[in-house]
Amino acid sequence: MLRPFILFIFVLCGTNALALSHDEVIAGAEKMYQKRMAELAHRSMLDDDEVFLRRVERVLQTLLQQARHDYPSSTLWRWEIHTSSEPDETAYCMAGGKLVVNKNQVHALNLNDAELAMLLSHEIHHALLQHNLKEYLEAMRLFPVWTTRPFSALEDAVDNDATLLQALAALNFSQESEADMEGVKFAWRAGWRASELVQFYKKLTRASATPNFDSASHPAPARRWKAARDLAATLDVGK
Ligand SMILES: [Zn+2]
């Protein structure tokens, strides 16, 4: 008679584990992205440099050709890229391939196309590796109360709730390193030399006021540069 009981528990746990799908995360990201793009457009900070926009689109297209091969399910996504001139906005890619690149950041770092490809490759790996979904599921695992609240509240909380930010910092730290490593290998497979790609991390390190400082959620720029160039040294051999 134990068996049905065990099955019941399993189904309950299973329901919790499946409380959130990647499609739901993508749909939520789409809404947040369009809202943010509308805000930037309203403030005349969206796509205000046609030449720069075309340049990031061109580099992204090369990466997306590789994504079709390496991550076939991502071909179903509605990829979108916009540029922002909001001073405080960094580059990011939301679930489902919704990208923003900050024109000021790219110009301040004086990134060439290989370095821009590295920036984009890092960012798109947060989406390709489903980092948002994993973050939300981890939040629900650590704090089951989130399984009972609207998903939109969790979307906001992972960026703004101090308790969640602290609890998820170690996961975020590992996701940053993963996006760096997978991003280098991916852009290399797309055709760039690894030694040129990792100059992005050199520029990031040189521009940082605290190049050796690991934050709770982000490895130090100097650490990222070293890891990237160690990896690059193994990739360019024979290419
Ligand atoms: Zn990142």
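Q: Which residues does I81 touch, not counting residues up to four places away in sequence?
A: I81 touches Y33, L53, V56, E57, L60, L99, V101 and L120, where contact means heavy atoms within 4.5 Å. This is a predicted model, in which local features need pLDDT of at least 70 and side-chain atom pairs count only at pLDDT 80 or more, while totals for chains, interfaces and linings use all residues. Residues are numbered from 1 along each chain as its sequence is written, and side-chain values use heavy atoms, leaving out hydrogens and water.

Q: Why is I81 called buried?
A: The relative accessibility of I81 is 8%, and buried means under 20% relative accessible area (exposed is over 50%, partly exposed in between; 1.4 Å probe, protein chains only). I81 therefore counts as buried. Its place is in strand β1, residues 80–84, with strands (E, at least two residues) and helices (H or I, at least four) taken as DSSP runs numbered from the N terminus.

Q: How far apart are the C-alpha atoms of I81 and D47?
A: They are separated by 9.6 Å, although I81 and D47 are 34 residues apart along the chain.

Q: What makes H22 buried or exposed?
A: With a relative accessible area of 14%, H22 is buried. H22 is found in helix α2, residues 22–42. Beyond residues up to four places away in sequence, H22 touches W77, A95, A127, Q130 and L133.

Q: Which residues touch the most other members of the largest nonpolar core?
A: L120, I124 and L154 do, in a core of 67 residues. Such a core is a set of buried Ala, Val, Leu, Ile, Met, Phe, Trp, Tyr and Cys residues joined through side-chain atoms within 4.5 Å. Helix α5 (residues 113–128) gives the most to this core, with 9 residues. Leaving aside neighbours within four places in sequence, L120 is in contact with V56, V59, L60, L63, I81, L99 and V101.

Q: Why are α5 and α10 described as roughly perpendicular?
A: Helix α5 and helix α10 (residues 199–207) pack at about 90°, their axes 8 Å apart. Roughly perpendicular covers 65 to 115 degrees (under 35 is roughly parallel, over 145 roughly antiparallel, the rest oblique), so α5 and α10 are roughly perpendicular to each other. E115, M118, L119 and H122 in α5 meet Q199, F200, Y201 and K203 in α10. By class, this contact of α5 with α10 has 4 nonpolar, 2 polar and 2 charged residues.

Q: What makes α6 roughly perpendicular to α7?
A: Helix α6 (residues 131–142) and helix α7 (residues 151–160) pack at an angle of about 100°, with axes 11 Å apart. That makes α6 roughly perpendicular to α7. In this packing, E135, Y136, A139 and M140 of α6 meet F151, L154, E155 and V158 of α7.

Q: Why is the pair of Y71 and F186 called tilted?
A: The whole structure holds 4 aromatic pairs. Rings of Phe, Tyr and Trp (its six-membered ring) pair if their centres lie within 6.5 Å; planes under 30 degrees apart are stacked, over 60 edge-to-face, the rest tilted. For Y71 and F186 the centres are 6.1 Å apart and the planes at 50°, so the pair is tilted. Y71 sits in the loop between α3 (50–70) and β1, and F186 in helix α8 (residues 162–189), 115 residues apart. Both Y71 and F186 are buried.

Q: How do you know that F200 and Y201 are edge-to-face?
A: Their ring centres are 5.1 Å apart and their planes at 70°, so the pair is edge-to-face. Both F200 and Y201 are buried.

Methods:
Axes fitted to C-alpha atoms, helices over the stretch in contact; angles between N-to-C directions. Nonpolar A, V, L, I, M, F, W, Y, C, P; charged D, E, K, R; others polar.
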